[in-house]
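Q: I am new to this structure and would like to learn how to read its strands and helices, step by step. Could we start with what it takes for strands to be called paired?

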Amino acid sequence: VEAVHLIADGKAPRIPQPKEGATYEGIQKKENAEICWDQPAAALHNWIRGHDKVPGAWATIGGQVVTFYGSSLFDASVPAGQELLIKGASRPGLVTKNGLVVFGNDGKMVLVRNLQFEDGKMIPASKYFSADETTALELTEEEKKMAEDIR
């Protein structure tokens, strides 16, 4: 009751909380979420998952900032895939049918399932090299008639 009265009267002491020992982490910023590749695979996985969804851990691929989402440790033999050069990585990543495999400095692997480009477009990592391919939609005569009826 006394504390409530002190607050109501504007006489409550104001003691700033010391920053040392504080456990609150401030809002993460995108510029601080760049992936440092000189780490073991477990640390890479923790970094990517720790920044998933906001702000998103990122790296530079082909001069473009690409954000990594949905990582998991990959404990198998090195899969077949197409090499992808990642700025700062000691070893190229591999675009496989399951996603993008990246390597820690311990030689172990992390599988990344989704990638997002600077323009906001998100793709499955396994489709990285086919992301620019577009296919024309061809309608059958029946579908063309239905489209016309809908219009």
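A: Two strands count as a pair if DSSP finds at least two bridges between them. In this predicted model, β5 and β6 pair in the antiparallel sense over four bridges, and within this pairing Val102 has Val110 of β6 as its bridge partner.

Q: Which residue takes a positive phi in the hairpin of β5 and β6?

A: In that hairpin, where five residues lie between the strands, Gly107 has a positive phi near 85 degrees.

Q: With which other strands does β6 pair?

A: β6 pairs with β2 in the antiparallel sense over seven bridges, where Ser71 is partnered by Val112 of β6. β6 also pairs with strand β7, residues 122-124, in the antiparallel sense over three bridges, and there Asn114 has Pro124 of β7 as its bridge partner.

Q: Is β6 largely enclosed or open, and why?

A: A residue is called buried when its relative accessible area is under 20%. Six of the eight residues of β6 are buried, and therefore β6 is largely enclosed by the rest of the structure.

Q: How can I read the two sides of helix α2?

A: One looks at which residues are buried and where they point: in α2, residues 41-50, the buried ones are Ala41, Leu44, His45 and Ile48. Because these cover an arc of only 100 degrees around the axis, they lie on the same side of α2, whereas Asn46 and Gly50, on the other side, are exposed. The buried residues of α2 pack against β1, β2, β5 and β6.

Definitions and conventions: Residues are numbered from 1 along each chain as its sequence is written. This is a predicted model: local features need pLDDT of at least 70, side-chain atom pairs count only at pLDDT 80 or more; totals for chains, interfaces and linings use all residues. Side-chain values use heavy atoms; hydrogens and water are left out. Buried means under 20% relative accessible area, exposed over 50%, partly exposed in between (1.4 Å probe, protein chains only). The arc is that of the directions from the helix axis to the C-beta atoms. Contact means heavy atoms within 4.5 Å.
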